[in-house]
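Work through these exercises with the structure open. Try each task before reading its solution.

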Amino acid sequence: MAGVPAGSDAFAYLDHAATTPLRPEARAALLPWLGESFGNPSGAHPVARAARKAIDEARDAIAAVLGCAPNEVVFTGGGTEADNLAVRGVAAARPGPVLCSAVEHHAVLHPVEHLGGKTVAVDRRGRLDLDALADALDAHPDATLVSVMGANNEVGTVQPVAAAAGLVRERAPGAVVHCDAVQAAAWLDPAELTAGADLVSVSAHKFGGPQGVGVLVVRRGTPLQAQLLGGGQERELRSGTHNVAGIVGMAAALVAKAEHRAGEAARVGALRDRLAAGLLGAIDGAFETAVPDGGADRSHILPGTLHLGIPGVESEALLFLLDEAGVCASAASACASGAQEASHVLAAMGVPADPDLGALRLSLGWTSTPADVDRVLDVLPAAVARLRDAGGTSAGAQA
Ligand code: PLP
């Protein structure tokens, strides 16, 4: 079955942080590798060599944007795999205490928890508390890994990666610094943001490449043990036949993203600000979860993200009504995938765990238009009013 076409008028898509449409440059680059071009890059004959050349060129292009050497690029099957390789791979190569910020994506948090690691507090805006990190490092000078994301996937807060890396070098010099730049790479210069990190994860489908392909940058000399064993591809660090179409598409998307990043950030940031002003003005009690003073300073938040707390409604009920009205958004995630599980990000930020507080993530991206914003401004305040009249739930609203 075909999906709903990107750019369709049937709905307003405000879930770019979950995945963003494929960029035309990526589509054009990868399509031949799903058709007439093919080959296993590990082989020795001309067909294999052509595939090898394609991934070598992709590797060079990706390295230039990520600010690393081509032989520091390790292709993976996406962000989750890159994060798992980073955390588990370092822990296997150099056992010892591991630390991460309390707001990491589960692809980092769960492996860290699995290893018995510790989380480091964030402030009310969701930014890593550098004093808390310094204390944690003083308590664990033998730490072997510290993971700090580039920007948060739920609330969009950008993290002080360079300052965190500086503290690690000073207080736990044996530790490897990992940065999950999966969300950040769509909006910020990844080379600049992650210059202080030894390991960097990115995922193609967050910046206009295909799903299921990503990179872990592994800077020279970083201790890392492979987590997938087999044919020894990617300098023995990630066995498995390369996803040639995915890698070629990812490189084209990353290059296009780098070229358009500043313009897109300014354009989309202005749309996001208009959406925020309209919704905060129209919905009583609504607030931006990562802007605690209620001011308009969103300089610490990615340009595409608007994360709201809306008292007196359930997130799921709100998403149901938005869905009916043609708006794709995400709870992200007062309730993770329908389960009544509180968001670890909001909890770490000190947002009260109130079942009557709807959490809503509206995330814009490179295809967002003023019409998308208009649709949400039209639909969301009315949906909230309807739910509040009905006692906060969709069951009440449907009755
Ligand atoms: N890290 C962050 C910050 C993310 O937002 C995501 C996806 O939402 C991931 C990791 C996982 O990436 P992937 O979907 O490519 O496995």
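**Exercise 1**

At roughly what angle do the axes of helix H9 (residues 315-324) and helix H11 (residues 370-389) cross, and within what distance do they come?

Solution. This is a predicted model, so treat each value as computed from predicted coordinates. Step one: find the two helices. H9 spans residues 315-324, and H11 spans residues 370-389. Step two: read the geometry. The axes cross at roughly 135° and come within 10 Å. Step three: classify the angle. Angles over 145 degrees count as roughly antiparallel, and 65 to 115 as roughly perpendicular. H9 passes H11 in a right-handed crossing.

**Exercise 2**

Stay with H11 and describe how the axes of H8 and H11 cross.

Solution. Step one: take the angle, which is roughly 15°. Step two: take the distance. The axes of H8 and H11 come within 10 Å. Step three: apply the cut-off. Angles under 35 degrees count as roughly parallel. H8 and H11 are therefore roughly parallel to each other. H8 passes H11 in a right-handed crossing.

**Exercise 3**

Now turn to the packing of helix H2 (residues 46-66) against helix H8 (residues 244-282). Which hand does the crossing of H2 and H8 have?

Solution. H2 and H8 pack at an angle of about 30°, and their axes are 9 Å apart. Step two: classify. The cut-off for roughly parallel is under 35 degrees, so H2 and H8 are roughly parallel to each other. Step three: name the hand. H2 passes H8 in a left-handed crossing.

**Exercise 4**

Describe the largest cavity and its lining.

Solution. Step one: search the whole structure. Two cavities of 30 Å³ or more turn up. Step two: size the largest one. Its volume is about 130 Å³. Step three: list the lining. The largest cavity has 16 lining residues, with His16, Ala186, Trp187, Lys206 and Leu364 nearest its centre. Seven residues are nonpolar, seven are polar and two are charged. Step five: assign domains. Domain 1 (12-20 + 261-398) and domain 2 (24-257) each supply at least three residues to this lining.

Note on methods: Residues are numbered from 1 along each chain as its sequence is written. This is a predicted model: local features need pLDDT of at least 70, side-chain atom pairs count only at pLDDT 80 or more; totals for chains, interfaces and linings use all residues. Side-chain values use heavy atoms; hydrogens and water are left out. On a 1 Å grid over the protein atoms alone, a cavity is a set of points where a 1.4 Å probe fits but cannot get out, and a pocket is an open set with protein on both sides within 12 Å along at least five of seven lines; lining residues have an atom within 4 Å of a point. Grid points are joined across faces, edges and corners, and a volume is the space filled by probe spheres set on the points. Ala, Val, Leu, Ile, Met, Phe, Trp, Tyr, Cys and Pro count as nonpolar, Asp, Glu, Lys and Arg as charged, and the others, Gly among them, as polar. Domain bounds come from an automatic or database domain assignment. Axes are lines fitted to C-alpha atoms, for helices over the stretch in contact, and angles run from 0 to 180 degrees between N-to-C directions. Helices (H or I, at least four residues) and strands (E, at least two) are DSSP runs, numbered from the N terminus. A crossing is left-handed if the near helix is turned anticlockwise from the far one by less than a right angle, and right-handed if clockwise.
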